[in-house]
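Colleague: Please take a close look at one part for me, the nonpolar core and the helices around it. Keep it brisk.

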Amino acid sequence: MKRKFAVIMSAALAAGSTMPVMAESETAFTPSTYVGEFSLTADGESMLFSVTAEQFAEDGVSVSANVTLPASVTGEEADTVYGLNDVLRVVSGDLYINVAEIASTYGELLGSDISSMLPMFGIDQDWVEIPAIDFAAVETEAETDFDVDSMMNDFTALAENFDIQTAEDGSTTITFDGPAIVNTVKAVENVVDNAMSVLLSQVQGTDASQLVTVFDDYLQAAAEGVNMASPDVSVEDAKGMIVDMMNSLVEEMVSSFDVTPLQTEDGSKLSDQIQQMLDEGATINGTATVNADGTMTENITVVNGESTVVVDMSFDGTAFNYVVTEDGTEIMNANGTITAQDNDFGMDMTATADGETVNMNVALTLLDNGLSIALTTNDGNEEVSMAGSFTQEDGVTITDTEAPTATLLRDVVKNTVAMFYAAQEPVEEEETAVTVAE
């Protein structure tokens, strides 16, 4: 980040003679505060979570978090707020953790003071520093790349499976059948499977020795901890033992890593199940019509043996209705309204299935400086509400933006390893001389 900043400043100075003075203010960094909030309300009680990130510099951020617990959870007479103020700080790529703040809040929450335990782990400051780690140094030799061309060909070929007709009034009608459905599902499955194959190849192409190089300083610290607890084990021998353990662990994790392709509970793919159903004589036919004014209708009929399932959907621009019938009997019904006005979007829906009815309301508002969303569900017995928001404001309130005096994470690793290694060492019993009377 420092090099990038230097390059930018050099370029700006070099071009200063030809650029208007205003250009500097246009590209100047503006400190900002970002706030994310989430609340959950049930049985008349609410829990509130919030995270605040104050970006005081291009490469400087302070993070705070708060949680509000209802009285029924804490046993207090009123709701209680627990906060972690300036708990994380990033300065020039290095991460600082405010362990003193965490210990204090932990004590408030659980009534147990752990501050006195911090020196046991070598923590003699309020903060622990984790220097920036160059994960980019870990290269993978993936044998599989994401096949974008194949994916695009699959979706382009889908148009050949649908009969698309446009009328003079501007409406478009799409007619499809079972094979079209199978090919559509296959295209989606292929995209997911391709992505999973790339992920698997990336993980299995990871070289464990590169990870050892990235974390070398911490492995060295751990080795020093072993030597501290057991001086008869040299730092070199301890590090060799730890490196061997890490290599074995990484190699085992990489070799055992696997991903499951898109499939149903019995292990088969959905497209295969639909195809098998078609091979056994079932038929699927449907039409979807989108009108010029935005209204639409859809009908899908599935005949499988003696059973006939019909799906009807309609949308008039505001209200929608979705009905599923089996052999003439309604088995599901969902209806509601979708509204959009200025920066407010909402949906109110009532769904009935298996004799149970659930009402759901969703509201999304685009704010000048962010957005908010609310979701409420009611099944007739209980109402549950969730709400969230994300906002951004210019300016910050934090005044201490320097890198704090901190204990290095390597020192924490060293002392922690020493403590636990000493606890595992067998205690030799001293020989006791026994005098036998003559």
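**The core and its helices**

Modeller: The largest nonpolar core has 14 residues. Leu219, Ile242 and Met246 have the most contacts inside this core. A nonpolar core is a set of buried Ala, Val, Leu, Ile, Met, Phe, Trp, Tyr and Cys residues joined through side-chain atoms within 4.5 Å. Buried means under 20% relative accessible area, exposed over 50%, partly exposed in between (1.4 Å probe, protein chains only). Two or more residues come from each of α7 (208-214), α8 (216-229) and α9 (235-256). Helices are DSSP runs (H or I, at least four residues), as are strands (E, at least two), numbered from the N terminus. The most comes from α9, with 7 residues.

This is a predicted model: local features need pLDDT of at least 70, side-chain atom pairs count only at pLDDT 80 or more, and totals for chains, interfaces and linings use all residues. Residues are numbered from 1 along each chain as its sequence is written, and side-chain values use heavy atoms, without hydrogens and water.

Now take Ile242. Leave aside its neighbours within four places in sequence. Ile242 is then in contact (heavy atoms within 4.5 Å) with Leu219, Ala222, Ala223 and Val226.

Next, α10 (residues 270-279). Its Ser271, Ile274 and Leu278 are buried. They cover an arc of only 65 degrees around the axis, so they sit on the same side of α10. The arc is that of the directions from the helix axis to the C-beta atoms. Their cover includes α6 (178-204) and β9 (283-290). After α10 comes Gly281, with a positive phi near 110 degrees.
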